[in-house]
Amino acid sequence: MLILPCAGHDEEAAISLDPPVGPYDHVLGPPEAELTLVEYGDFECPYCRDAAPVLEEVRDRFEGRLRFAFRHFPLHEVHPHAIAAALAAEMAGFDGRFWEMHDTLFAPGPPRLRQDDLREHAVAAGVRPDR
């Protein structure tokens with residue numbers, strides 16, 4: 001359960017997340033944080049790309065109080081490279097480099113998500129793409 005303080009009110013809003021954040025999620029922040037934010041993201045989505053620096057600012061502002069989880073939600077019908085990008089991020093995660101790959105995939109500028117681009121992102125994230 002996620003408890004969110006309501007601005008300007010003494011009461012709290014409770015939101016249940018199904019499934020709850022668990023070991024299958026990519027998480028930043030302390031497990032016991034009072035706030036949890038879950039992003040359902042697509043590396044090719046322009047709105048997700050625009051949100052990335054804002055979410056980074058939120059994480060910085062609430063450091064120590066916020067647990068941030070990323071879940072893949074590739075909209076492959078409109079973003080033909082989204083699934084490949086999600087898989088590349090997961091592969092980086094096997095090397096403990098998910099967040100480095102996340103950051104390079106969401107780097108400013110137009111998305112570069114073709115196969116050669118994903119290899120370059122992997123190298124930039126510290127992952128050997130040839131294994």
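Trainee: Which residues of helix H1 are buried?

Mentor: In this predicted model, the buried residues of H1 are Cys-48, Arg-49, Ala-52, Leu-55 and Arg-59. Their cover includes strands E3 (26-28), E4 (35-41) and E5, as well as helix H3 (98-105).

Trainee: Where does H1 bend, and by how much?

Mentor: The bend is about 35° and lies at Ala-52, with a proline, Pro-53, following within four residues.

Trainee: Why is Asp-117 called buried?

Mentor: Its relative accessible area is 18%. Buried means under 20%, so Asp-117 is classed as buried.

Trainee: What makes Arg-112 and Asp-117 a salt bridge?

Mentor: The closest N and O atoms of Arg-112 and Asp-117 are 3.9 Å apart. The cut-off is within 4 Å, and therefore the pair qualifies. Arg-112 also meets Glu-120 in a salt bridge, at 2.8 Å from N to O.

Trainee: Why is Arg-128 called exposed?

Mentor: Exposed means over 50% relative accessible area, and Arg-128 has 55%, so the term applies. Its salt-bridge partner is Asp-130, at 3.7 Å from N to O; Asp-130 counts as exposed at 57%.

Trainee: Why does Leu-75 count as partly exposed?

Mentor: The relative accessibility of Leu-75 is 31%. Leu-75 lies in the loop between strand E5 (66-72) and helix H2 (82-94). With Tyr-40, Phe-73 and Val-78, Leu-75 makes a nonpolar surface patch of about 390 Å².

How values were computed: Residues are numbered from 1 along each chain as its sequence is written. This is a predicted model: local features need pLDDT of at least 70, side-chain atom pairs count only at pLDDT 80 or more; totals for chains, interfaces and linings use all residues. Side-chain values use heavy atoms; hydrogens and water are left out. Patches are made of residues with over 30% relative accessible area and no salt bridge: like charges are joined within 9 Å, nonpolar side chains (Val, Leu, Ile, Met, Phe, Trp, Tyr) within 5 Å. Accessible areas come from the Shrake-Rupley method with a 1.4 Å probe; for residues, only the protein chains shown count as cover. A salt bridge is a side-chain nitrogen of Lys or Arg within 4 Å of a carboxyl oxygen of Asp or Glu. Helices (H or I, at least four residues) and strands (E, at least two) are DSSP runs, numbered from the N terminus. Buried means under 20% relative accessible area, exposed over 50%, partly exposed in between (1.4 Å probe, protein chains only). The bend at a residue is the angle between axes fitted to the seven residues ending there and the seven starting there. Contact means heavy atoms within 4.5 Å.
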